[in-house]
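Biologist: I am new to this structure. Could you walk me through how to read its features?

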Amino acid sequence: MRLHKEGLLPITFTVAFVAACLVPYFMFANLPLWVDILVVAFFVILLFTIVRFFRVPLRHINHVENGVLSPADGTVISIEETTEHEYFKDSRIKISVFMSVYNVHVNFYPVDGEIEYVAYHPGKYFVAHLPKSSLDNEHNTVVVRKNEHDVVLFRQIAGFVARRIVSYPEPGDTVKQGQEMGMIRFGSRVDVFLPLDAEVNVKVGEKVRTQKTVLAYF
């Protein structure tokens, strides 16, 4: 495991905050030992939570030639046929993966291919579970073309707690399945849009892992 570069500033700030709170506490507070233990435990848990959030797992990528890997760790909250209005403008299968604050929040490419489209959209911060969050919330859309027929659109969606989407791809980039593409800070969701003839390999409520779980097959 390693820490993501996006975590450098938040972790540094948290360390400084913890130090700024604990140093004067121990200099001036004269409270029972059990109170000291509780205070220290609170700040240790806070620091551990922030550090853990920015972890990047070191996993063996499950390369599947005709498969679409999950771009995120989390729970499948919906699988439905819907109209994708931004890019395809037609009917697609949408698989939504919700990431809680406890999940790895780094995102990875679901397929090999070429970046065909990238678009960031500012927006609101509704709870990521809500269907309207897909378009109303701050989100970033990425389209990867694997070949002439197989194209995947996935959308990073900020949630109620999330306040920053990080995305590295640029149109024309050649990417690999399981390669890092960005992250979403503090609770969010990723929607994956697939052709109608894709064979879905997961079900609602299932826990999925990025770089590992095959969401569907072309």
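Modeller: Start with burial. Buried means under 20% relative accessible area, exposed means over 50%, and partly exposed is in between (1.4 Å probe, protein chains only). At 6% relative accessibility, D73 counts as buried. This is a predicted model, in which local features need pLDDT of at least 70, side-chain atom pairs count only at pLDDT 80 or more, and totals for chains, interfaces and linings use all residues. Residues are numbered from 1 along each chain as its sequence is written, and side-chain values use heavy atoms, with hydrogens and water left out.

Biologist: How many salt bridges does a search of the whole structure find?

Modeller: The general idea: a salt bridge is a side-chain nitrogen of Lys or Arg within 4 Å of a carboxyl oxygen of Asp or Glu. The search finds nine salt bridges. In one of them, the side chains of R59 and D73 meet at 2.8 Å, N to O. This pair links distant parts of the chain, with R59 in the loop between β2 (55-56) and β3, D73 in the loop between β3 and β4, 14 residues apart. R59 counts as buried, at 18% relative accessibility.

Biologist: Which residue does K146 meet in a salt bridge?

Modeller: The partner is E65, at 3.4 Å, N to O. K146 lies in the loop between β8 (139-145) and β9 (151-158), and E65 in the loop between β2 and β3, 81 residues apart. E65 is exposed, with a relative accessible area of 60%.

Biologist: Are R155 and E86 buried or exposed?

Modeller: Both R155 and E86 are buried. They form a salt bridge, with the closest N and O atoms 3.0 Å apart. R155 lies in strand β9 and E86 in the loop between β4 and β5, so the pair ties together parts that are 69 residues apart in sequence. A network of salt bridges links E84, E86 and R155.

Biologist: Next, rings. How many aromatic pairs does the structure hold?

Modeller: Rings of Phe, Tyr and Trp (its six-membered ring) pair if their centres lie within 6.5 Å; planes under 30 degrees apart count as stacked, over 60 as edge-to-face and the rest as tilted. The structure holds six aromatic pairs. F42 and F43 form an edge-to-face pair, 5.1 Å centre to centre, with 80 degrees between the planes. F43 is buried, with a relative accessible area of 10%. Y87 and Y117 form a tilted pair, 5.0 Å centre to centre, with 40 degrees between the planes. Y87 lies in the loop between β4 (74-84) and β5 (90-99), and Y117 in strand β7 (residues 113-121), so this pair ties together parts that are 30 residues apart in sequence. Y87 is partly exposed at 26%, and Y117 is partly exposed at 23%. Ring pairs also link F17, F42 and F43 into a cluster.

Biologist: Where does the charged end of R92 sit?

Modeller: A charge sits over a ring if NZ of Lys or CZ of Arg is within 6 Å of the ring centre and within 35 degrees of the ring normal. The charged end of R92 sits over the ring of F88, 3.7 Å from its centre.

Biologist: Now sheets. In what order do the three strands of the open sheet come?

Modeller: Two strands pair if DSSP finds at least two bridges between them. The order is β3-β16-β14, with antiparallel pairing. β3 and β14 stand at the edges, each with a single partner strand, so one side of each is left without a neighbour in the sheet. Three bridges join β3 (residues 67-69) to β16 (residues 214-217). G67 has Y217 as its bridge partner, and L69 has V214. Two bridges join β14 (residues 199-200) to β16. There, V200 stands opposite A216.

Biologist: Last, the surface. Which residues make the nonpolar surface patch?

Modeller: Patches are made of residues with over 30% relative accessible area and no salt bridge: like charges are joined within 9 Å, nonpolar side chains (Val, Leu, Ile, Met, Phe, Trp, Tyr) within 5 Å. Accessible areas come from the Shrake-Rupley method with a 1.4 Å probe; for residues, only the protein chains shown count as cover. V23, M27 and F28 make a nonpolar patch of about 360 Å². V23 is in helix α1 (residues 8-28). At 47% relative accessibility, V23 counts as partly exposed.

Notes
Helices (H or I, at least four residues) and strands (E, at least two) are DSSP runs, numbered from the N terminus.
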